[in-house]
Amino acid sequence: MHELNIPSFLRYPDDPFSEKMFRKQMRQIQNDRCFYRFMLYTGIADPVPETEGQFPLFEIHETHYYTKKKSRSWYSVSIMKDRSVADNTVCSWVEKADRFTEMFGIMDQVLRTPAPMRGKTYQEVAVFDLEEWPDYNWIHGFDESHVYARVFYLDRQLYKKFILVAKKQDISWRVEVNTPSETEQIIPPDFVPAGQTFGCFCPVGIRSE
């Protein structure tokens, strides 16, 4: 039997400690119009998102922000549905689009920061390419996916951001988990919030070609 090769930042934590700590506050989110489903930790974000529309030339192009008053953490799910998605790698959404936007200093857009947090001073610490994991694609039904991480400051607060970009047919998603941190190094506890989200994120309602 093939042993699945999926790192912890892509695995939904199911150990007894995580079950006890988080299970009662996990809530399933399903957005049929934007073709996705995942489990949200309501301890740091509310299940009803703020929606921000983007370029109207695409069939769907918007970002959903999952936030909570007084919480310093947030999640976002960006969706792009367009015929061009099928012909482009998901990496271009981070490696090309972000680089182009960053050249103009528009870091709020690069970071997908919700409205209450915009305008803070950004200082980059590190960016990591966490690669593509074929077994993850197979289990979740993606045609392609890739994971990145950013470590950065907003004003004096240190953050770690994990980014999953994935696609199926002509639909792609950019899923981001943002949490405050006390250390600039990425350490195993940082993988829990990412795993909670990425480990259960999957496409829904997409017809086979």
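The model is predicted, so local features need pLDDT of at least 70 and side-chain atom pairs count only at pLDDT 80 or more, while totals for chains, interfaces and linings use all residues. Residues are numbered from 1 along each chain as its sequence is written, and side-chain values use heavy atoms, with hydrogens and water left out.

Start inside. The largest nonpolar core has 38 residues. Such a core is a set of buried Ala, Val, Leu, Ile, Met, Phe, Trp, Tyr and Cys residues joined through side-chain atoms within 4.5 Å. Buried means under 20% relative accessible area, exposed over 50%, and partly exposed in between (1.4 Å probe, protein chains only). Residues with the most contacts inside the core include Tyr-36, Phe-38, Tyr-66 and Trp-173. Strands 1 (26–31), 2 (36–41) and 4 (60–66) are among the elements that each supply at least two core residues, and so is helix 6 (191–198). Helices (H or I, at least four residues) and strands (E, at least two) are DSSP runs, numbered from the N terminus. In helix 6, seven of the eight residues are buried. Phe-191 and Phe-198 are among them.

Now take Ile-29, in strand 1. Its relative accessible area is 8%, so Ile-29 is buried. Beyond four places in sequence, Ile-29 touches Tyr-36, Arg-37, Phe-38, Leu-40, Pro-47 and Tyr-66. Contact here means heavy atoms within 4.5 Å. Tyr-66, with sequence neighbours within four places left aside, also contacts Trp-74, Tyr-75 and Val-77, among others.

Next, the rings. The structure holds 15 aromatic pairs. Rings of Phe, Tyr and Trp (its six-membered ring) pair if their centres lie within 6.5 Å; planes under 30 degrees apart count as stacked, over 60 as edge-to-face and the rest as tilted. Tyr-122 and Phe-152 have ring centres 5.7 Å apart and planes at 40°, so this pair is tilted. Tyr-122 lies in strand 6 (residues 122–131) and Phe-152 in strand 7, so the pair ties together parts 30 residues apart in sequence. Both residues are buried. Elsewhere, ring pairs link Tyr-36, Phe-38, Tyr-66, Tyr-136, Phe-142, Trp-173 and Phe-201 into a cluster.

Finish outside. Phe-104 sits in the loop between helix 3 (97–103) and helix 4 (107–111). Phe-104 counts as exposed because its relative accessibility is 57%.
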